[in-house]
Amino acid sequence: MRKAKRRTAALLGAVTIAGTAGLTALAPAAYAGTVTVDAACKVPIVGDKNGPQEIKVDFDVTEGPAGATVTASVDMGPPPITSPIAVNGAKSKSVIHLTMSGAATGQIDLASPETTLDIPANVPIDPDPFTTTFTIPATAADGAITFVPTSMDSTTTVPGFGDQVAPCTYTPQSGGDGAVASFTVKPLTPGEVTLSVTPHEVAKGGTVQLGGAGWPEGTPTVELCAAADCAADRFASQDAAVGADGKLTGSAVLADTVEPGAYTVKVTAGTGAEAKTKEAALTVAEEATPEPKVTVTPSSGKAGDKTTVAGTGFPADQDVEIAGVKADGSRTSDAAVTAKADAQGAFSADYPVGDQDTAAIRATSGDVSAQAAYTVKTDDTPPPSDPNGVEVTVPYSCTTVVEGFDIDVPVMTPTLGVTVLLPSSAAKGDTVDVQVAFKDQVISDIPSVAGDLQNGLHGMVTPTMNVVVSDGVNDPGIVPTTVAAFDVDMSPGGKMRGGPLTGTFEVPGGGTFSFTPGELVLVIDAAAGPITVTATSTCKPTGDVPVSATLTATGEPGGPPGQQNGGASGGSNGGSNGGTDGGGKANGGTDGGASGGDLAKTGSSASTLDAFALVAGTAVLAAVGVMLLLPRRRRARAGS
């Protein structure tokens, strides 16, 4: 058996089960039903998740007239899913759908309030129990109504992804009918009337449906009451009517001037001794405030470049200040730019980025603010003098590991065009710069892993290539080349741009050295709201790789090229060291003369590192998708 779940006052909200012990003794015994169903859940990105789910529904009354209001306490139990990562500050809500049969047919929807909570990793995720009210259909016949849970929709708001819905469908387990609750409709007593108002919560300007039975025939008066203050003009319009059968039908539209709060709908029909009056609760909800969002396109550039800043969810028709911010949150030295939001709260403006310490672009209007990351590209390494190097084709096999996740990412086999550039001559003891360039600085295309879910996803990318250097005599050495981490917009159809990668080579002695592209490693740190993930894709050459560049050094022969220091550019001439056996024909060294400014023209037109981009999208978006079955209460069930 499941442990009884604790109901907290916060989750009970405004609608609670009436009663002290004395009142409970006077009320009809409540129906309490528990059923275990087979749940089939479709979680975006993650896929299908199937398994048993235990559902419990309590009604505060089990019998009454058609149109009666019932308070339901719902405990849906954990669906067949857990989160592989911890998530903080998740905001979500659920709706369970019950199908009626017997004296009434159709469906009722029981909605939970929105909750915010922290979710640990790999722990059963349990929906918070909640209470809500619903109305027995006014058209119900006398007799029993059976309620069967048939499905559930859970909506989670994840920063950058908006509202995402994860539906579960329920099937009764073998040998059961799936019923979880029942209600018996009884005839009205003489002079009794019922009133239903649906939904029970609506925003100003919204419409409520009216229903009921036992009313005097004619046109009733419909008023909205705040305490004892009732007024018909709080409704912009209404068309309520009572037929000869005493059934109340129609709707009422709230006026735009009605303030949020707790009200009652009061209906009066008939005259004199036959007049009947009844009230039903109605909550006028606060209007939802759109979340401010900002995007910058492109999300990186050199000092002095412009980026287009676009925002939504800002105050309508108000000025928006756009300014750069540093990593510590302080303002940069760049002048702010002012834009104006339109009637929908959207704006777009160009913003020049000059301060090299810029880490983000922030937009502010009053007390509303949002920002997006921006990276200023720098190249402190002077271009190599007399560079030489030719493009070579490198077949790679890439394997990917996502830290902390058991995610099976397929091995990818991209073929890249890579150019190594360095001086053609040096002397023993010199330190020279080495550069690795890709055509147009495109390291990868961004594949569409999850469609619109990828829009706005960003990651910080760090590429490293080990250039192999050989003197044809000693064992080869390695020259690590890299570039500072840069921001990449992972939206489908974009490009991952970066480079050139740089390193240094210390010339060990006289002789001729060949430089060949070797292992390529790409690391991405991505975040989507509270979710962070690090993925590493390691690409190894699968065949012989031709030499891309050569260097001839003067002086006495020295030792082997060895393992060079990687990453930092240095030296007056530029370079770095590497080493393998050269892996093929030495066809570099004679086609030199390419300048640093020509780097963008080298590389293969078909160079794509889909493995790298794929893992970035898959890992983060899968983690996001797993969270779409919130809100949850964290509890390990007995025996789990």
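Phe-134 counts as buried in this predicted model, because its relative accessibility is 5% and burial means a value under 20%. Phe-134 belongs to strand 9 (residues 130-135) and Phe-147 to strand 10 (residues 143-158), so the pair ties together parts that are 13 residues apart in sequence. Ring pairs also bring in Phe-59, which forms a cluster with Phe-134 and Phe-147.

Another edge-to-face aromatic pair joins Phe-505 and Phe-513, with 5.5 Å from centre to centre and 65 degrees between the planes. Both Phe-505 and Phe-513 are buried. In soluble globular proteins, nonpolar side chains tend to be buried together.

Turning to the cysteines, a search of the whole structure finds three disulfides, which are set out below.

| Disulfide | S to S distance | Accessibility of the cysteines |
|---|---|---|
| Cys-41 and Cys-168 | 2.0 Å | both buried |
| Cys-225 and Cys-230 | 2.0 Å | Cys-225 buried, 1%; Cys-230 partly exposed, 24% |
| Cys-398 and Cys-539 | 2.1 Å | both buried |

The torsion about its S-S bond is about 110 degrees, so the disulfide of Cys-41 and Cys-168 is right-handed.

The link of Cys-398 and Cys-539 is likewise right-handed, with 110 degrees about the S-S bond. Cys-398 is found in strand 34 (residues 391-402) and Cys-539 in strand 45 (residues 531-541), so the pair ties together parts that are 141 residues apart in sequence.

The link of Cys-225 and Cys-230 is right-handed too, with 110 degrees about the S-S bond. Is each of its cysteines buried or partly exposed? Cys-225 is buried, because its relative accessible area is 1%, whereas Cys-230 counts as partly exposed because its relative accessibility is 24%, a value that falls between the limits of 20% for buried and 50% for exposed. With the bonded cysteines counted along the chain, the disulfides follow the pattern 1-2, 3-4, 5-6.

For the protein chain as a whole, the secondary structure comes to three helices and 48 strands. Buried residues make up 47% of its 640 residues, and its accessible surface comes to about 27700 Å², of which 50% belongs to carbon and sulfur atoms. Among contacts between residues at least 6 apart in sequence, 73% join residues at least 24 apart.

How values were computed:
Residues numbered from 1 in each chain as written. Predicted model: local features only at pLDDT ≥ 70, side-chain atom pairs only at ≥ 80, totals over all residues. Heavy atoms only, no water. Disulfide = S-S within 2.5 Å. Buried < 20%, exposed > 50% of the residue type's maximum accessible area, 1.4 Å probe, protein only. Helix = DSSP H or I, 4+ residues; strand = E, 2+ residues; numbered from the N terminus. Contact = heavy atoms within 4.5 Å. Areas by Shrake-Rupley, 256 points an atom, 1.4 Å probe, with all protein chains shown as cover. Phe/Tyr/Trp six-rings, centres within 6.5 Å; stacked < 30°, edge-to-face > 60°.
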